[in-house]
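Biologist: Please take me through one part of this model closely. I'd like a single connected account, with the cut-offs stated.

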Amino acid sequence: MALLTMREALNQALREEMRRDENVFLMGEEVAEYQGAYKVTKGLLEELGPKRVIDTPITELGFAGLGVGAAMAGLRPIVEFMTFNFSILATDQIINSAAKMLYMSGGQFKIPIVFRGPNGSAFQVSSQHSQALESWFAYFPGLKVVMPSTPADAKGLLKSSIRDDDPVIFMEQERMYGNKGEVPDDPEFTIPLGVADIKREGTDATIIARSLTVPLALKAAELLEKDGVSCEVIDPRTIRPLDINTILDSVKKTNRVVIAEESHPFCGVAAEISSQIAERAFDYLDAPVKRVTGADVPMPYAKNLEDLAIPKVDQIVAAVKEVSYLVSK
Amino acid sequence: MPKQTPEPSRISAENTSATGVLDEQSSPPIASDNGTRKETQKSRVADIDRETLIDIYHQMLLCRRFEEKSAEAYSAGKIGGFCHLYIGQEAVAIGSISAIRKDDYVLTSYREHAHAIAKGMSPESVMAELLGKATGCSKGKGGSMHMFDKEVGFLGGHAIVGGQIPLATGVAFAAKYKGTDQVALCYFGEAAVNQGAFHESLNMAQLWKLPCIYICENNQYGMGTSLQRAMSLHDVSQKAYAYEMASEIVDGMDVLAVREATMRAVERARKQSLPTLLEVRTYRFMGHSMSDPGNYRTRAEIEKHQERDPIKLFSASLKEEGVLSDAQFKEIEEQVKQQVEKALKFAEESPYPDLKELYTDVYASPIEPTNNQGKEDRN
Amino acid sequence: MATQVIMPKLSPTMEEGQLSRWLKKEGDKVSMGEPLAEIDTDKATMEMQALGSGVLRKILLPEGSSAPLGQMIGIIGEPEEDISALLSQAGSAPAAKSAEPASGSETSQAKPEAVPAPEAVEKASDNGHHETAPAEPAATGRLIASPLAARMAAESGIDLRSVTGSGPGGRIIKRDVESLMSGKTATSKSHLRAVETPRFQPSTTAASAYRDEPASEMRRTIAKRLVTSLGPVPHFFLTTEIEMDRAAEMRKGINELDPELKISINDIIIKVAAAALMQHPKVNASYQDKAIRYYEQADVGVAVAIEEGLITPIVRAANQKSLSEIAAEIRDLAGRARNRKLKPEEYMGASFSISNLGMFGIDEFTAIINPPEAAILAVGAMSAKPVVKENEVVIRQMMRVTMSCDHRVVDGATGAKFLQTFKKILENPLFLVV
């Protein structure tokens, strides 16, 4: 085990998987000579060379499609979006090509590609550079969507994503790149996709969180314990396919659910999880499922407004108290 | 990828006055090449072996009759959805694909039945796909617009205008990455040239020297909108200038001219790993799709182009050069008829996909939901 | 005028920078805008430009070291200028305050001035949380129940119309049904809101001064639980006096054999009660509305007083455990109870309880049943008393116990027979091994 930042863990995963398989290559804006906009790809050009670590023009649609084509012809591309905000330009290729190729071709063309980069809120960069897009991608069958919340999860899940035979949308969080955690050194360490992690066990309420909201949920659980409310914190880690059974097991135990996410509430992943709980564990609910989400507005620039738009620990605490029928203090 | 300034290679379409299609668009004359090119189709015929010529003719006729049969089947309600016919453009797919190897790649748009057959897919598997049958090349999941066959290097069948252009660029990238000398042929209509995907792809292909041949099938209409109404610079071949890419204007009604131009591009791709843009000027005799009323062009315009029907032109050359006799033409016609009948019969007799196929092929490595681990309800 | 050189913010995510290289030495001339040092940020290595002119008088951050944003890392001034004030400032404030409070989890959560007031949060987003005060059920008469409560009621044969909901809008929730299942015929919402300030304060002639302390979660739970007991559960009480000499003798003997065991009289009482319960299954039971539930094991709850109230950790299957096992378990449970470290399954779901106030010198008392259990044994102090034995007055160690019984399960004779057995074994502990 080593204490690593999220970016170091991601870098290790990339390095190990590229060493392991010659068919893996990495492309994106500033990934090579600049060493990565967020330093996730630091040192890869030096070790693996310009054939495999490729700086692209700033043309997301083009290089995303090029990656999908390369995957059709047998390579395993990793396409970095400097941030997922720019993936919006590439959605035709991600959705119409990557997600559907296997199906449209009657199973002939698998697309083993990873699209990765930071997603969600960043620091005071306003509306176009600060948004959570996971519900977009999670909507489409054919894509897998992964969102790690710890350095170890980031490494293990990225390695699995690169080895996976399907297109994987791997969403990091800019605010979390510097978060530290213990990470196994074993180059064969992987975490299977589609398996949720119970980040904390509890009996009274279930908090479902991912990416940025996981540390917030854990903090909330800590505070709530002092009030005698025992919270279970579940991190699905993979949004699609969703490990709904782990969530349902927890709901059946606690009867109360809060879902925390930084995306907009409307048609978000929390809405989907909430619906599945209603469909499959209705009789176990003692209170309506409560969501804590980012504000339903484009991200503002001003520091105080930005703060207001991002979910907070006290909102999660209040939501848990609400579903537990406890009066907020 | 090592960057290197490519040498601009500009090759002209020859003898523009000989082709009505080119005349009409009054393309600017461009510097001529080294003079190895033939003036006429007849003179080209003399240079090609008889077997190849017959094969090309056979393919063209097969595609024509196949499309006619498809139109019939569509009208009879056997084919659903969209059905974009290729009638009139056969020289482009068949001429160009005759210039590549079996292990090369082809990617094209949604008007792809002829490309699929030319690349080696059986008319049976294409027709069965049109009818949405389990025996179709895409197991009935793709339909008219999404034909695929990995075995013969036919990589689709893509239905978002211009979407296949980055994909083909990536296929060429993979060939270069793996160190093979395979090339990718990428077909698209002239309307796709206005898409960002086209420009982004050409930029990367020339920048990274990828063995991709971009074949613009300029049939003058993007759906119902003429090129003149949608493109500020009408000469598609000139778009390559922006990327210092070699380009060429080709008479798309002359199957051998297309073949020859493609051969030059293929050589550039294999030997120098460089891309080419071919603007192949052609004309579609049918509507954009089977549901096109065609009120954006006159009957007279269509008839004028039909005078240069690529099959008529080629059969005339073959006859004049004595490659095929009348009896032999008839024999081929008969063979093709049977092939098409057989394909339709096969498709009609094939079963529809099993209902459980709805949920297959979504993921290459599907993840099963986790078990409840035998936990009991606690309430 | 000397200028501080501070660690600059060179990227939006930067929180600290590592000084990779100084481009000037101490004593070098610098002019405004001139590259001064190379800083390694979280994104890239960037040149930092001088924001003042003069001489680089002092380097405060050596190459290879890191500093948070805003920390002074050097001083630019005139060659002869006195910079001692700045130097001492640098020395006294090593971790200068971060130039800008970053939010999110990459840093700590503390960022006082930028946090909006909670009211603002509530007003500005849909996620504001309001206190959920219970309201009267809808006037339409439509029943509102949580899905879980509805299912629990259906499974227990409870008519939801007989339940008053304590949730928002009168919603019937799990705890309302649980209250009913534990024996109450109808819940009232009052006990569910024990947190509310009492309306009446005791007064003699003039109103007394008073202070309100918020009731702890535990105090509220106790309040909630107990009013579901004495009201709805029909209690009756049986008292007997037990001669404890032999039990005390046995305890002494065991502890002499092995002082580590530290068996207490209470441990013996638990063991004996468990043995008696095995012989009287009707007492080891609970009333379940439409059924009487008989337990196979004696799960004996033992009331433990703790600072905030009391809690009853459970010795599971006490009938199967040895005295030493019981003693060890009770020590562990009571210890953890005092530290509030018990898991719910360690204090919920006993089949019988014992409450002992002997250590406080209480001779006898009655205890309130802990629903849904059918009985609780209140144990008083052991004391030497004159007793008539075979027409002679002798001194014996006597102890009075009172059992509270739920009459819906336990009738007078049933309870009396149990106590008879309990007394017999406790007075002759050898029965435990017979």
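Of the 379 residues of chain B, what percentage count as buried?

Modeller: The share is 51% of the 379 residues of chain B. Buried means 20 or more other C-beta atoms within 10 Å of a residue's own; exposed means 12 or fewer, partly exposed lies in between, and C-beta atoms are placed from the backbone. This is a predicted model: local features need pLDDT of at least 70, side-chain atom pairs count only at pLDDT 80 or more, and totals for chains, interfaces and linings use all residues. Residues are numbered from 1 along each chain as its sequence is written, while chains are lettered from A and ligands numbered from 1 in the order in which they are written.

Chain B has 13 helices and 8 strands. In chain B, 75% of the contacts with a separation of 6 or more join residues 24 or more positions apart. A contact needs C-beta atoms, placed from the backbone, within 7 Å.

Now the side facing chain A.

Next, the core. The largest nonpolar core has 224 residues. Such a core is a set of buried Ala, Val, Leu, Ile, Met, Phe, Trp, Tyr and Cys residues joined through C-beta atoms within 7 Å. Residues with the most contacts inside it include B:Val171, B:Ala184, B:Cys186 and B:Ile213, along with A:Ile207 and A:Ile316. In soluble globular proteins, nonpolar side chains tend to be buried together.

A:Ile316 leads on into chain A. Leaving aside neighbours within four places in sequence, its contacts include A:Ile207 and A:Val258. A:Ile207 stands opposite A:Val258 in E13(A). Strand E10 (residues 205-209) and strand E13 (residues 257-260) of chain A pair in the parallel sense over 4 bridges; pairing takes at least two DSSP bridges.

Technical notes. Helices (H or I, at least four residues) and strands (E, at least two) are DSSP runs, numbered from the N terminus. Two residues are in contact if their C-beta atoms, placed from the backbone, lie within 7 Å.
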